[in-house]
Amino acid sequence: MKKITIAIDGFSSTGKSTLAKQLAQKLQYVYVDSGAMYRAVALYALQHKLIQNSVLNTEELINNLPLIKVAFQYNASLKASEIYLNEVNVNTEIRTMEVSNTVSIVASVPEVRQQLVALQQHMGAKKGIVMDGRDIGTVVFPDAELKLFMTASADTRAQRRYDELVAGGTTVSFDAVLENITSRDHLDSTREDSPLFKSEGAIEIDNSKLSLDHQFEKVLALVNSKIDFKNP
Ligand code: CDP
């Protein structure tokens, strides 16, 4: 069957990764969480004290880029890929609030983006991929056959992320999560290099009031309309 590229962009905590994983599993495609890659670079910057009190030493980070190796490895028991930073599994560490609070600063550096975008394009060279992020339909795969742009109200998104963090054992206030989400929305959509916006041809999905099953059905119908079953 013909394989396509599916690009999912949108604001923080809009359920992009949940949908992307569902699609990848159903279609037997590769799933790539591009945000995890930016988070891994932000973690490196934190570990090496290149970012302190939200001030990034941009020059030093750029000098360090050749030393930053980000890769995914499949974990058969989890049936999912996990992210590695210089051969160390950092799948859990990249989800802390500390990383969430610094990642958008790191992701605004053009040199960081160049390095990660090249890697992402390499991963998707053979199609059969679902990638989620902020610039997938606009920069990484502008020719993707299916582009989705996901939105939901800030309160809905903050509640989802808050529930996720609390379920994972993190102590955090709802207000801190809401503040992180709205400040990242702002930074991500106003940065100069590859800002987040709905690309031409992207289909917007507001899932504030959409159940996961209903959303999946809707998107699967869109995928099917792109894959020509009669002429694979
Ligand atoms: O999961 P969540 O929506 O909170 O964010 P994420 O997908 O893990 O992405 C974390 C951050 O990485 C975003 O807020 C962006 O600053 C950056 N990012 C980006 O700039 N470009 C991408 N393609 C993906 C993420």
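Visitor: Which residues are linked in a network of salt bridges here?

Guide: Arg134, Asp188 and Arg191. Bear in mind that this is a predicted model, where local features need pLDDT of at least 70, side-chain atom pairs count only at pLDDT 80 or more, and totals for chains, interfaces and linings use all residues. Residues are numbered from 1 along each chain as its sequence is written, and side-chain values use heavy atoms, with hydrogens and water left out.

Visitor: What is a salt bridge, then?

Guide: The general idea is that side chains of opposite charge can pair when their charged atoms come close. Here the rule is a side-chain nitrogen of Lys or Arg within 4 Å of a carboxyl oxygen of Asp or Glu. Count that way and you get eight salt bridges.

Visitor: What does Lys127 pair with?

Guide: With Glu145; the closest N and O atoms are 2.6 Å apart. Lys127 is in the loop between α6 (110-123) and β8 (129-133), and Glu145 is in the loop between α7 (136-140) and β9 (146-151), so this pair ties together parts 18 residues apart in sequence. Lys127 is partly exposed at 34% relative accessibility, and Glu145 is partly exposed at 23%.

Visitor: And which residue does Glu204 form a salt bridge with?

Guide: Lys198, with 3.9 Å between the closest N and O atoms. Glu204 is partly exposed at 41%, and Lys198 is partly exposed at 38%.

Note on methods
Helices (H or I, at least four residues) and strands (E, at least two) are DSSP runs, numbered from the N terminus. Buried means under 20% relative accessible area, exposed over 50%, partly exposed in between (1.4 Å probe, protein chains only).
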